[in-house]
Protein chains: 2
Amino acid sequence: MNSINTNIHSVTAFAPATCANVAVGFDILGFALENVGDYVTLNCHDDNKFVIESINSNEALPLDTDRNTASLVIKKLCRDLKLNIGFSIKIKKGIPLSSGMGGSAASAVAALVACNAFLNTPLSSHELAQYALLGEELASGQQHADNIVPCIFGGLTLIHSLNPIGVVQLPIPDLYCVLIHPHLHISTMDARKILKSELPLKDYVKQSANLAAFIAALYSNNISLLQKSLTDVLIEPQRAQFVPGFYNIKKAALEAGALGVSFSGSGPSLFALAKHKSDAHEISKVMSEQLKCENIDSDCWVSRISKDAAHVTQSS
Amino acid sequence: MNSINTNIHSVTAFAPATCANVAVGFDILGFALENVGDYVTLNCHDDNKFVIESINSNEALPLDTDRNTASLVIKKLCRDLKLNIGFSIKIKKGIPLSSGMGGSAASAVAALVACNAFLNTPLSSHELAQYALLGEELASGQQHADNIVPCIFGGLTLIHSLNPIGVVQLPIPDLYCVLIHPHLHISTMDARKILKSELPLKDYVKQSANLAAFIAALYSNNISLLQKSLTDVLIEPQRAQFVPGFYNIKKAALEAGALGVSFSGSGPSLFALAKHKSDAHEISKVMSEQLKCENIDSDCWVSRISKDAAHVTQSS
């Protein structure tokens, strides 16, 4: 039987933005980014009520605790553990809404990590991931773990199974990630709806060869093989329509030295990998210029793949 | 300009049997077996004629040099290099016909390796593989490299691309392979014809997670992960119909300690992987007993995954 540490009153946790799919691993690969993510602060009270006190976002995020991923998952956790506790919740979004950067996952994970800090017997990362999946189901209509797992575990992760969650922490390549967010809104639910439910066997063979080569490249630190393998022939062609000028942006990034370019998660954000920081900045520049040609503003981050998992930043 | 070494008159080469697909790598993974394979002997003459002198097989293999994989590929090679040479060809088949053990690939590769020994400037393994692909096209109607690449390179291989052939030599796990050949004939061409040309996205996600985990397991020598990943949800269910009692055979093998069981190539042969030699022999016993229940005789091999590539065994 779990219980609450009554010495703790307020906890803030940070959860990083994540790039899911990574071109070749639809629904199974993802990595965490540095310096961009969501903060959730929980202040406890003993009336069993959950209230979203504030969300620092100009965008329409639900304050209804059953429709917000952060509150939904901790309510379920507290109910399952029969904890006599309620929380007022403050959410500080660093991740733009519907950007493909794992915002719904990060809010849910930050809330779970903060909630976990109140427990006398904290849950394992695997247990937290099972709760975070419920948030993904709320946000996208489907349980997919390719944002929540890198968010909870850090690094570059493979989700080998969903029930129970099987995680492989892959070697992290010594590369820079460019993440660019065009100011377009695409909900994960819509981005999933357009995907064909059946795929050609010949495309599957090509994509699986790329996936296997990508994993081999990570373990053998073979950047040339990684570059050859980082191509999505299955999903990207179906989603390219979401970003005007997609192929021009990609071409410009590759010409500026990107090892590979594709959607981050379900888009519209794009990621690119690069060997050097200077390349990464040049790539980010040419990508935003190409978007500008389409009259689309964008934000951009240059980051390492972060080893750091979601974590508590303040506790009192 | 290449030329013939006129000091050489006769060359014999051995090429190993191979297990393609390896459950999770349809058309992209394969490994070589020890102590089972085909021998091809080439005796040169200078009249530019190619003659199949003998094939030690009870089974109907074509003597027409344009319809036999061994002769077809070396004829093409000699023509491309404009070599003034002909060969009488002896084929000693160690691999049963239409067994799913890479017999057509092994005969073609043994012929190519023998032919290569006559050249003053031998071709590279990659170049030989391009010629061997023509034999696979003749045998199965499609250029697939998952038998020829492990046959030419040895070990456990990933074919990353076909044109040009991109090969990744994967770490070889310290395991035993059971290969069982039920006395049933299924041509590769027929086994490919029944495959659906489109696959469900959700099955693709599951299979790709298994493939990625299998590659990660090889590099991290994680046998438990390898065991969890060695499951084919895409192709095996479509081909199970070819072997009566398939699921009983598989169940018996898993209960006897197999880490995984699936078709070798397009079947009807099955492979299983095991930690210990004693397990492998027990698995081979229960699999052949299960086949016997269906009134099907079988042959069985227990082997390591062979590091050895196809090679010359005699030259004079």
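1. A residue counts as buried if 20 or more other C-beta atoms lie within 10 Å of its own, exposed if 12 or fewer, and partly exposed in between, with C-beta atoms placed from the backbone. B:Ser161 has 16 other C-beta atoms within 10 Å, so B:Ser161 is partly exposed.

2. Some ground rules. This is a predicted model: local features need pLDDT of at least 70, side-chain atom pairs count only at pLDDT 80 or more, and totals for chains, interfaces and linings use all residues. Residues are numbered from 1 along each chain as its sequence is written, while chains are lettered from A and ligands numbered from 1 in the order in which they are written.

3. Back to B:Ser161. B:Ser161 sits in strand E5 (residues 156-162) of chain B; strands (E, at least two residues) and helices (H or I, at least four) are DSSP runs, numbered from the N terminus. Leaving aside neighbours within four places in sequence, B:Ser161 is in contact with A:Ala209 and B:Gly166. Contact means that the C-beta atoms of two residues, placed from the backbone, lie within 7 Å. B:Met1 is 160 residues from B:Ser161 in sequence, and 28 Å away in space, C-alpha to C-alpha.

4. Now the interface. On chain A, 31 residues are in contact with 31 residues of chain B. Strands E5 (156-162), E6 (165-170) and E8 (198-200) and helices H6 (201-220) and H7 (223-229) of chain A each give two or more residues to that side. H6(A) gives the most, with 11 residues. By class, the side of chain A that touches chain B has 20 nonpolar (Ala, Val, Leu, Ile, Met, Phe, Trp, Tyr, Cys and Pro), 7 polar (the others, Gly among them) and 4 charged (Asp, Glu, Lys and Arg) residues.

5. E8(A) and strand E8 (residues 198-200) of chain B run antiparallel over 3 bridges; pairing requires at least two DSSP bridges between two strands. A:Glu198 has B:Pro200 as its bridge partner in E8(B).

6. What about symmetry? A rotation of 180° with 0.0 Å of shift along its axis superposes chain A on chain B, RMSD 0.0 Å. That is the relation of a two-fold axis. The same surface serves both copies, as 100% of the contact residues of chain A recur in chain B.

7. One helix pair within chain B. The residues of the contact of H2(B) with H3(B) divide into 9 nonpolar, 3 polar and 1 charged.

Methods:
Least-squares fit on C-alpha atoms with pLDDT ≥ 70 in both.
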